[in-house]
Amino acid sequence: IKLKGLTSSGINELTMSKSALSHGKIIKSSFKVPGWAKNRHIQTIWPRFIQKRLPLSYDMERLTLPDDDFVDVAWGPKPQETSGIVVMFHGLEGSIKSHYANDMMAQLSVNGWQVVMMHYRGCSGVPNLKARAYHSGETEDPSYFLAWLHDKFPRIPKVAIGFSLGGNMLLKLLGENPAQKWLKAAVAISSPLKLSECAKSINQGFSRVYQKYLLTSMKNTLLKKMEYIDYRKLIQLTKSDVHEITSFTQFDEKITAPLHGFADAQDYYEKCSAYHFLSAIHCPTLVLHSIDDPFMNHLIVPQEEELARNVTVELSERGGHVGFMQGSVLNPKVWLHDRVKRFVSEALPVNTTCGYLNR
């Protein structure tokens with residue numbers, strides 16, 4: 001069997017024995033980077049700040065959680081009939097307004113699928129009620145949401161897409177629940193599979209710009225919550241201490257870990273890295289990743305023998321972080337949209353109607 005394998009310098013040919021059939025596979029992506037967007041930072045920044053947003057209408061629904069907190073759910077345009085539901089999970093400090101979420105929902109909705117996205121606690125623009133928030137391995141709220149969705153539409157098949165942090169979370173959730181009945185298939189895009197390595201990589205060179213941008217949002221959210229929640233018994237930090245945090249590792253050491261029951265940042269990284277859960281996933285799962293992702297490094301890519309049989313890692317040399325821009329500079333397009341459509345259509349054929357949606 002001729003497959004594509006990974007080395008630290010890129011992708012090369014690798015001949016596998018028939019034993020490869022007992023585990024997943026790594027393949028070379030069909031993505032071809034255009035000359036104007038070979039730089040990984042252009043790939044990462046262009047879709048966020050330059051690419052025109054697609055028009056999208058959506059409705060919000062509030063879902064009350066078992067601890068009396070809530071998450072807000074964004075429903076895309078409602079088809080009269082549908083062949084399935086596409087569930088999306090956004091990345092760190094993301095929302096339905098994030099470029100990747102808005103445009104993916106818009107693209108998939110025109111195919112007749114019902115698209116829905118769960119915001120993590122505090123990410124919909126409304127602060128959540130409890131001290132706890134969300135993190136790369138927090139699967140309790142998403143599991144509750146998926147069970148709620150399954151109970152609501154038991155006969156309509158579902159596929160999930162996770163972006164960045166949401167991809168890591170989704171892979172971990174599937175590994176924790178190999179017998180789950182919620183999802184037929186899943187896609188994880190630009191996922192930080194080894195959190196410790198990613199925390200190191202994003203704290204180097206130009207990537208620190210992304211870290212600062214995201215940290216600013218994370219710290220501001222915490223500071224707002226500190227105005228109405230007493231954190232003194234949970235984290236030993238003042239508001240001025242929060243302002244002085246300059247890296248993800250510091251934030252996770254001082255805030256994420258103590259708030260969510262981890263001994264320290266490294267304990268959090270070890271227990272929540274999706275890398276450890278890839279061998280336990282049962283449903284067909286596609287992991288899309290670019291080796292030049294500025295949030296990560298090549299060490300996060302697993303070996304084929306570490307993948308469950310239904311897991312495929314699709315690698316490209318270039319593409320940045322949730323980028324994958326193609327086309328000309330005057331007519332650019334996001335390759336991810338067509339790739340995800342192809343994958344979803346295999347699980348949710350567009351010519352098959354499965355049911356009506358009474359939301």
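In which loop is the place of isoleucine 229? Select isoleucine 229 to begin: the residue sits in the loop between helix H6 (207-225) and helix H7 (239-243), where helices (H or I, at least four residues) and strands (E, at least two) are DSSP runs numbered from the N terminus. This is a predicted model, in which local features need pLDDT of at least 70 and side-chain atom pairs count only at pLDDT 80 or more, while totals for chains, interfaces and linings use all residues. Residues are numbered from 1 along each chain as its sequence is written, and side-chain values use heavy atoms, with hydrogens and water left out.

Isoleucine 229 is buried, at a relative accessible area of 15% (buried means under 20%, exposed over 50%, partly exposed in between; 1.4 Å probe, protein chains only).

**Salt bridges**

Next, display the charged side chains. The count comes to 14 salt bridges, each being a side-chain nitrogen of Lys or Arg within 4 Å of a carboxyl oxygen of Asp or Glu.

Select aspartate 141 and arginine 121, whose closest N and O atoms are 2.6 Å apart in a salt bridge. This pair links distant parts of the chain, 20 residues apart: aspartate 141 belongs to helix H3 (residues 140-152), and arginine 121 to the loop between strand S8 (114-118) and H3. Both aspartate 141 and arginine 121 are buried.

Move to arginine 132 and glutamate 138, which form a salt bridge with closest N and O atoms 3.2 Å apart; both of these residues are buried.

Then select glutamate 176 and lysine 172, whose side chains meet in a salt bridge at 2.5 Å, N to O. The two are separated by about one helical turn, because they lie 4 residues apart in helix H4 (residues 165-176). Glutamate 176 counts as partly exposed at 33% relative accessibility, whereas lysine 172 is buried at 6%.

**Cavity and pocket**

Searching the whole structure gives 1 cavity of 30 Å³ or more. On a 1 Å grid over the protein atoms alone, a cavity is a set of points where a 1.4 Å probe fits but cannot get out; a pocket is an open set with protein on both sides within 12 Å along at least five of seven lines, and lining residues have an atom within 4 Å of a point. The largest cavity holds about 80 Å³ of space. Centre the view on Pro47, His99, Tyr100, Val334 and His337, the closest to its centre of the 13 lining residues. H2 gives the most to this lining, with 4 residues.

Now select the lining of the second largest pocket: Gln51, Lys52, Leu54, Asp103, Gln107, Pro332, Lys333, Val334, His337 and Asp338. Two or more residues each come from helix H2 (99-109), strand S14 (332-334) and helix H10 (335-347), with S14 giving the largest share, 3 residues. The volume of this second largest pocket is about 160 Å³.

**Final stop**

Which loop holds isoleucine 50? Isoleucine 50 is found between helix H1 (40-49) and strand S4 (59-64).

Definitions and conventions: Grid points are joined across faces, edges and corners, and a volume is the space filled by probe spheres set on the points.
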